[in-house]
Structures are given as structure tokens and as C-alpha cells.
Amino acid sequence: MTRHDVPLGARIRQFRDGVMTQQDLATAAGVSVDLVRKLEQGRRNTASVASLHQIARALDVPLGDLIGPVRMPEQAPAEGVAALRFAVADVDDLTGESEAGEPLSLSEAEQELTYLWGTYWSGKYDRLTALLPPALTSLRATTRATGSPRASELVAQGFWAAGSTLIHLHQSDAAYIALRHAIELAGYGNDQLLAAALRGSIAWQLLTVGRFAESEAVALRMAERIEPSGERSFPQLSTYGSLIVTAATAAARGGNRAQARSLIDTSAEVAHRIGRDRDDYNSAFGPSQVAMQSVDVNVQTGEYGQALESARTMPHHHAAGLPLAARARHLTDRALAHSRLGHHEQASTLVLTAEQMAPEWAKRQQLLKSVTRDLLRGSRTRAPRLRNLADRLNVT
């Protein structure tokens, strides 16, 4: 058996052996000794993300080392992307049976979601394919155990994370199922802004499959419903601004340059009202996000010089107000603009930096691969670093 095939329980036992007893580990991790015992005996194959995170911390090992490498679906059909697709296609209501899961307290569920979204915004999608299926099971169990509106909102956020991940894995049908399920679950809660933010994610999903007019319409319709007037909370402002930015991106991809610019200007006004970058409802919005999307809109409409001018409006050094994956995307947009203007050295530096910043994110990004391919075709020297990047991204 290779290290790749070592079960989770065996990994825990290996890290624990000679250092602490099962009870010591359970106490240090804040989990039950019964959970540790069942995992090591193979009677359970996984646990909630929160529990795994606590066990890894107690063992003083990275979570990735504890759960091991993630197998891709062609190697094991029930794992990886396939397992995540099955997890979001819930048929419990049709079978009349509920999948066994470990209920979490509401605070544990919130911690679990914080970790999942942090992993998402770090661009670690392979890790998420392993973490999300058991997380969704635990979150469903939490909803069944409590029946509270807050629990419904939390499981909705779990399906939202799954849908957003599936978009990056190019599983658009499963992503749509997950996001629609998230909207339905949020309807049992009391948070209207969560419901609005989820519709913004549906608009993004439509955008990724080329349904630009529908994407813009969904985002704008929801934005009109929550449009702030007078004194409003920062979360409402940022959710509204995120919807406007999504609509601007859809308009740009649909070729409506004037509409895209108008919407970007509107989002800039909202960001000015907020005054700083915020992270509400798992989405960044503020001056940095507006600057980033201004670059993207100009790139999409072929205004490459203007895109680089917009990049200079970024208010924080290296777009520090953006999540890691967003910063890497911003660098890629700038690289595309430089490439189209014939600035090959600048473009090469930017794509290399983006890949170094977020390697797991990079290997699934078609735009980064496309820019790298164009640079290779246009390069006279074929710099070894660029060739090595192409090899890592599987670009020919």
C-alpha cells in the first residue's frame, strides 16, 4: 500500500503512536475518544471538517498531511469530484432515509464553514473535494437535529461553498444544483442578504457558461430588491455592490461596453460609501474589488491600455484587500493586457507570480493557461521559467 492509499484512521494512528494515547488525543483535540477509536479502527472513514482540523492541530500536523492526497475521479469513481457531485445531488427526501452524520453545534458549524471558505479563497479546490462531502453530511445532520432557521442558513452556506467549488472544477450542472439547493435552504432562514448573495452566485454560474444576458438580469433584479437608500448597513451595501459588479462583468462579456462601464461606476460609488474592503457573505467587496473588476471589464472589451490604467487605481499594495484566488486572477488579467500590447516580459512575470502565489488555483484556470500559451508562441527566447510553467499547467 502506497502512502497515497493509507486510510485516515491509519494516518491518525501513525502520527499519534508513541506520542499520545487515544484519550490524550481526544482531550487535546476536544473530540470524543469514541470518534478517535472508530476512525482508527476503520469503523468511520471520516469526520467533520472541524473535528479533523482539531485532530490535526492536536497532532501538530497540517490538515493536508492528515487527510492525505486527494484521488481524482478517474482513479476512484466514488472519490474526488464524483463524490462531491453525489453529495450535492441529495435524494434523501425521495428514499425516505437520512444519511448518518455527526451533528454539530451551531458554533462548530460556523467554524467549519469558516475553514471551508478559507480553503476556497486560497484556491485549494482539490482539498475541498475531500472536505466538502463529509461537511455537507454533518451540516445536514445539524439541521435535522436543531431545526432552527440559523441551521438552515449554515447548511445553505455549505451548499454554496460546494457550488462555488464545482464551478472551478468545470462541473456547471452540479454547481447549479448545489446553488439552487442553497437558495431553497436559505429560504428557511431569516437572513435576506444571504438569499440575495446566493442569487449573485447563481448569476456568476450563468456567466461562466456563457449565459451573459441571463446572468446580468439575475444580478440586477436582486440588486434592485436590496438597493440601499439612506443610511444602510455595510453588509447590505457590500452585497448590493457585489451584485452590481457581477452584472458589470456579465455585460462586458456580452459585449455591452457602455452598460458595463456604467455599472462599474455605480459599484465604485458604493465602494466609496463603504470606504474600505469588506468580506460579507463569503464575498469580498470594496475599493480593491472595484479596481480588480474594472481591469477585468476593460480586458473583456479589448481596452488593454485602459485595463492597465485601471490597475493603477488598486488602493492596496499587491491587491492586499482581495482573497488569494482573486489576487491571482487580477495578476492574470493584467498579464493578458500586457501580452496583447506586446509587453511579453511584464506578462511573463505576472503569470509566473500568479502561479507561484496560488499553484492549486492556477492549474484549473483556463485564462492563465491561454495567456501562457500565447506567450510561448510569441517568445523568441522561450525562457526556461515560462516553459516550466507551461509544463506544470499542462499547456502545449
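Contact, in this presentation, means heavy atoms within 4.5 Å. Helices are DSSP runs of H or I with at least four residues, numbered from the N terminus. The structure is a predicted model, in which local features need pLDDT of at least 70 and side-chain atom pairs count only at pLDDT 80 or more, while totals for chains, interfaces and linings use all residues. Residues are numbered from 1 along each chain as its sequence is written, and side-chain values use heavy atoms, with hydrogens and water left out.

Let me begin with a pair of helices. Helix α9 covers residues 125-146 and helix α10 covers residues 149-168. Their axes, which are lines fitted to C-alpha atoms over the stretch in contact, lie 9 Å apart at an angle of about 160°. Angles run from 0 to 180 degrees between N-to-C directions. Angles over 145 degrees count as roughly antiparallel and those from 65 to 115 as roughly perpendicular, with under 35 being roughly parallel and the rest oblique. The angle therefore makes α9 roughly antiparallel to α10. On the α9 side, the contact includes Y125, L128, L132 and L136; among the residues they and their neighbours meet in α10 are L154, V155, F159 and H168. The residues of this contact divide into 11 nonpolar, 7 polar and 1 charged. Here Ala, Val, Leu, Ile, Met, Phe, Trp, Tyr, Cys and Pro count as nonpolar, Asp, Glu, Lys and Arg as charged, and the others, Gly among them, as polar.

How do α4 and α8 cross? The axes of helix α4 (residues 49-59) and helix α8 (residues 106-121) come within 8 Å and cross at roughly 75°. That makes α4 roughly perpendicular to α8. V49, A50, H53 and Q54 in α4 meet E108, Q111, E112, Y115 and L116 in α8. This contact divides into 4 nonpolar, 3 polar and 2 charged residues.

I turn next to helix α1, residues 8-16. Buried means under 20% relative accessible area, exposed over 50%, and partly exposed in between, with a 1.4 Å probe and protein chains only. In α1, the buried residues are L8, G9, A10, R11, I12 and R16. They pack against α2 (22-29), α3 (33-41), α4 and α5 (63-67). Just after α1, G18 takes a positive phi of about 80°.

Salt bridges are the next topic. Side chains of opposite charge can pair when their charged atoms come close. A salt bridge is a side-chain nitrogen of Lys or Arg within 4 Å of a carboxyl oxygen of Asp or Glu, and by this rule the count comes to 18.

Which residue pairs with R16? R16 forms a salt bridge with E40, the closest N and O atoms being 2.8 Å apart. R16 lies in helix α1 and E40 in helix α3, so the pair ties together parts that are 24 residues apart in sequence. R16 is buried at 12% relative accessibility, and E40 is buried at 9%.

R253 and D296 also meet in a salt bridge, at 2.8 Å from N to O. R253 belongs to helix α14 (residues 234-253) and D296 to helix α16 (residues 287-300), 43 residues apart. R253 is partly exposed at 22%, whereas D296 is buried at 3%. Salt bridges that share partners join R253, D296, R329 and D333 into one network.

Finally, T372 lies in helix α21 (residues 366-378). T372 counts as buried because its relative accessibility is 0%. Not counting residues up to four places away in sequence, T372 touches V351, L386, L389, A390 and L393.

Technical notes:
Helices (H or I, at least four residues) and strands (E, at least two) are DSSP runs, numbered from the N terminus.
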